[in-house]
Amino acid sequence: MVLSRTNEGAADGPRKRAKYDRSLNEVSPTIAKELRTIKASLSASNPQNVTSALYTLAQRLVVREDEHPLTLEDSRVLLAGAWSQASPGLPELFDIWARCTPREASAPISVLVRVLFLLNLDQDNRPSGSTIIKSLLLSPNIHRLTSYFGSTEKNLCFWACRLFGAVSDFNDGQFRKEIFDVFPWGHSALWPMLSMRRKDANAEGNGLTNPPDIRTTLVLLILSFIQPSTHTSIKLSLLDKGDAFSSIFRDIGKDSYALARRILDVSWEGIWGDTRIPFGTKIAAFGDQVLTSVSASRRRVELELTSKHRYQNSMADTKKKDPKANHPSLISRITFSWRCVPDLEVASALKAGGGTLETSTPAIITSLRKTTTMLIPNDDLRQQELALKILEAAPELIPGFWQTSNMTLEPRLSSRWITNIALATKIVALPSPVWSFRSTTARSASSSASPPPYVHSPPPIQAILDSILPVTLSKAALIKGLRSPSAVVRHLTASLLAHSIKKAGEIAEEMQRASEALEEDESMGSWAVGRKELLKDLSSRIPELAEVARMLDLEGGGRKAGENTEGGKIKKQKGKAKPSTIDPNRPDGATASTTAAPSTLVHEVASRLMLYYHKYLPNAVAESYVGVRNIIAPLLEGDQSQRGGTKEKQPPLRTVSQLHGLRLLEEVESYDWSVKIGTKTALYHVLHKQMTTPHAAIRNAG
């Protein structure tokens, strides 16, 4: 009798699980009857009857994808185990295979594949499976199997791949090394098989094995050699075999989502996640060929989805979700991981320096440059995230990115421009690459307490400037944005300009430290001259300070209705000013209440711009004349003395603007505090604001 696998005595207390006795000769009557039928069918004298019996047996042992996982009491598992025990090694199956023609050989091979799969499910059946595999690895059998890859019978090629895959996955890769060594990697007919997909490979519901095709089977076999459980030596051997690894990424967008995810996830975990694989080998594996294939597939899928969805919308048939809709997100996520994860990404090679990492840097930059040229980040947040990470790791790619990204930066009130200018601001706001100012050869040897020395000459000033301010954004365009009637356009333009000036100032300060550390001559040193050139060129590409002062004057709420300012003085307009809620700065006639929030935003960024001009571009400030009121305009906002004593709740951003104003006064070298603004002196306004404000930051400033 076959012992039951259920614990019938559970009610009497905990009891050890009954052991399934494999040594017993008796099996269930149903399994015994099937074994006799199999033995009789395989012993038939008519070859056609034997082939038919094998196909019938293969169908009996098939496991559909929706049936996973099988229980150990499943009749197919029991039948495979009983047959392998009754006939160790299944010699009758190998004898039939030896007598088969190539057209008939798929029948015994399909039975072997399914028997090995079922035996692998049960730990107790695996020794029987190992015996079968050892027979398969014998010279006549394995040579016969590898010869099928040159066959014109596609079904035979398919089952040959399935058998190699079944052996590779058996018992957690017990025979993976042997299978890898005997696999015909150099066969000329092998790689065309990676293009043999079903026409409905992307149909909804298609998984990895139901129903499989030749490409899926071969890809899963190759992935078994690089999955995390595989020994590193096998992974390295695979990566050394030319295009064996990169070829699985060709036209990945045509694969089913399940297969595409399997390819990308296993590649990430098995190659990038293996710390024993050298970093240079990883970079070579995921080089231009892989990134080009992946990026091209993503773009093609996105174009197909766009066209298809437009057609579906026109036909009012969008109920069925397209299974390919997940491909762009999946590919972007994995590509992001390949290039932009700490300790494994390009920044490590760029910033670590020295050794083999430094020698691979040119190849990395070339690969990343090609990746950025294929990105279209205008409307895709995934590609924007990827672009930001790549440009942060390799800032020298920023100047070229402005020209290849096809971004619309000419100021206009449109959703496309808002998206592009916001992305450009994020790129400009990336950390300054001041680490590149220091020697690369000494980085690895220097300790954290003693940073490496500066190089003797700075990078090209024009390249630094182009990475700070988009080359496609001219001075006239910036002025147009600052003068736009739309508060949104003014705010976004001023925000980009503020980040550019601040980044240039930080780089200039680092260049000053480099000049001092190298004890350069202020007039002849390369760092000192480069710093002056950087600030001078930046000043020539941005609007004058008067444009910022004009923004402060227009957005300021400090003057009463009917007043304007000229040269720091307030002049009354003729005639009695009538109360009005119409905003004079909006041509559409919007009320002041509807424009209060945008006006506050613009005023804050204009105050910040005024501060950055004085702090980082003193020469540009000296060449322009700005009225006194514009200097302390942020302080006047919300001042009760300028509002006729009316009490109004001050927006939080107004407080930030006032703090910018106090910091601005610290940057002004000479300032006449006795100049009157209205009826009070400038000193009075500053002291009054510090004494009456409820904010500690403003009271303690100055």
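The side chain of D74 reaches the backbone nitrogen of R76 at 2.9 Å. That is a polar contact, meaning a pair of N or O atoms within 3.5 Å; within protein, one atom must be able to donate a hydrogen and the other to accept it, and residues adjacent in sequence count only if both atoms are side-chain atoms. This is a predicted model, in which local features need pLDDT of at least 70, side-chain atom pairs count only at pLDDT 80 or more, and totals for chains, interfaces and linings use all residues. Residues are numbered from 1 along each chain as its sequence is written, and side-chain values use heavy atoms, without hydrogens and water.

D74 sits in the loop between helix 2 (47–61) and helix 3 (75–86). Helices here are DSSP runs of H or I with at least four residues, numbered from the N terminus. D74 is buried, at a relative accessible area of 16%. Buried means under 20% relative accessible area, exposed means over 50%, and partly exposed lies in between (1.4 Å probe, protein chains only).

Now turn to helix 11, residues 232–239, which holds S237. S237 is partly exposed, with a relative accessible area of 24%. In sequence, S237 and F180 are 57 residues apart. In space, their C-alpha atoms are 9.1 Å apart.

Next, the cysteines. A disulfide is a covalent bond between the sulfur atoms of two cysteines. Here the cut-off is a pair of cysteine sulfur atoms within 2.5 Å. The structure holds 0 disulfides. Take C161: the closest cysteine sulfur, in C157, is 7.1 Å from its own sulfur, too far for a bond. C161 is buried at 1% relative accessibility. C100 is buried too, with a relative accessible area of 16%.

Further along comes helix 22, residues 461–468. Of its 8 residues, 6 are buried, so the helix is largely enclosed by the rest of the structure. The buried ones are I461, I464, L465, D466, S467 and I468. What do they pack against? Their partners are helix 20 (398–404), helix 21 (415–428), helix 24 (487–517) and helix 25 (526–541). Contact means heavy atoms within 4.5 Å.

The last stop is at the surface. L413 lies in the loop between helix 20 and helix 21. L413 counts as exposed, at 59% relative accessibility. Together, L413, I418 and V488 make a nonpolar surface patch of about 240 Å².

Note on methods:
Helix = DSSP H or I, 4+ residues; strand = E, 2+ residues; numbered from the N terminus. Patch = residues over 30% accessible without salt bridge, like charges linked within 9 Å, V, L, I, M, F, W, Y side chains within 5 Å. Areas by Shrake-Rupley, 256 points an atom, 1.4 Å probe, with all protein chains shown as cover. Salt bridge = Lys/Arg side-chain N within 4 Å of Asp/Glu carboxyl O.
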